[in-house]
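The entries below follow the order of my reading.

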Amino acid sequence: MQVLVTGGTGYIGSHTVVELQQSGFEVVIVDDLSNSSADVVDSIASITGIRPQFEKFDLADGSRTHQFFSDYPDLGAVIHFAACKAVGESVTNPLKYYRNNLFSLINLVRGMTDHQVSNLVFSSSCTVYGNPDQLPVGENAPVKQALSPYGNTKQIAEEIIDDQCKVSSFRAILLRYFNPIGAHESALIGEQPLGVPNNLMPYITQTAMGIRDHLNVFGSDYHTPDGTAIRDYIHVVDLAKAHVTALERMLKGEMKEQREIFNLGTGTGYSVLDVIRSFERVTGMKIPYRIMDRRPGDVEQVWADPKKANEVLGWKAMRTLDEMTLSAWKWEQVVSRKNKA
Ligand code: NAD
Ligand code: WQD
């Protein structure tokens, strides 16, 4: 089975390509390299021994996307990761986000429909739940007014896919990720943020590496046991494996509805200080940090109820927080060595 992975040279996409290849799927990657590098294709080939096909273009370009589907008539399914994802940037440049994330999705769904490719796995986000009323968060929790244009693109994308499922034989699985961190055990692929990282894990590893002077901890007055905000961090390899499981469910015809939704998290929430302590425990290093004001738009605490994914998909996140932080550190060391060379 040939599978298109959009955004396949990106962080989660590259880990998923590895898992797909190791499960026997033939992968074609489409990525415009706006937030990743072509070297990732080599790294994937080094891990799996199989070089995925790679096409570099912007999915927001409708005619190029249409052409792609004509060039690859044997595609059986699509996993759609390609999107811009920086929440803060989406607030200052909303049109970039609406254009990129929604045009890409529309072009892709149109190409799939025109070429009778009817299986889609889509990268959604726990951001659709906003500040949840109840914890843990199940799939039936209400979708709240989006806190950013980025979050809104995920909500609108889910609606576009829903509507397409109503009028055709299109099948979709929407995966709502919580907070992916960590890197592949080979340390050949991982997260490579451009510029100053917004997210906690790469900020910690860059601080440990001496690239950043100290970590700012945003808020210590939340209603949580240690006062810092809580998230459900999930190892990116566990997350990647869930895509293979979802795809197999779809291809085996096991879906109960044309459109299914799964939360992908561990079910355990950790505070910012828990993550720092885990990093310090596994590396023996100290992370200098300063307590700052809360970051605008941050939710206080959110973690998943992953029961549906555990029971229906038969998937469970296996890796511990210590494994996540250690793998992130191994990857940071490789990246820093590469950047110095
Ligand atoms: P990433 O930026 O590492 O990967 C996205 C890839 O898509 C990049 O390689 C980029 O070059 C490519 N891309 C972007 N726009 C494109 C376009 N128009 N045409 C072709 N390629 C394009 O991001 P990631 O962390 O791997 O995220 C993957 C998906 O998961 C995204 O949809 C993101 O919104 C979603 N998601 C991520 C997180 C997270 O914390 N990382 C959490 C929830 C959901
Ligand atoms: C985690 C915690 C910060 C950096 C974001 C997106 C979300 C989803 C995942 C895509 C928070 C704190 C962070 C720092 C800190 N992405 N922090 N100092 O905000 O939960 O989620 O990524 O869909 O949509 O919003 O992740 O890693 O940025 O923050 O104290 O330098 O770490 O305040 O409590 P977040 P994060």
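I began with ligand 2: S8 gives the largest share of its shell, 4 residues. Strand S8 (215-218) and helix H7 (200-208) each supply at least two residues of that shell; helices (H or I, at least four residues) and strands (E, at least two) are DSSP runs numbered from the N terminus.

I noted that the model is predicted, that local features need pLDDT of at least 70 and side-chain atom pairs pLDDT 80 or more, and that totals for chains, interfaces and linings use all residues. Residues are numbered from 1 along each chain as its sequence is written, chains are lettered from A and ligands numbered from 1 in the order written, and side-chain values use heavy atoms, without hydrogens and water.

I listed 19 residues around ligand 2, with Ser125, Tyr150, Asn216, Arg231 and Asp298 closest; a residue counts if one of its heavy atoms lies within 4 Å.

I then checked polar contacts (pairs of N or O atoms within 3.5 Å). A backbone N or O atom of Asn216 is 2.6 Å from a nitrogen atom of ligand 2, and one of Phe218 is 2.9 Å from an oxygen atom of the ligand. The protein buries 87% of the 690 Å² that ligand 2 exposes when taken alone, by the Shrake-Rupley method with a 1.4 Å probe.

I turned to ligand 1, which has 29 residues around it; Asp31, Asn35, Ser36, Asn100 and Tyr150 come nearest. A side-chain N or O atom of Asp31 lies 2.6 Å from an oxygen atom of ligand 1. Taken alone, ligand 1 exposes 820 Å², of which the protein buries 94%.

Note on methods
A polar contact is a pair of N or O atoms within 3.5 Å; within protein, one must be able to donate a hydrogen and the other to accept it, and residues adjacent in sequence count only if both atoms are side-chain atoms.
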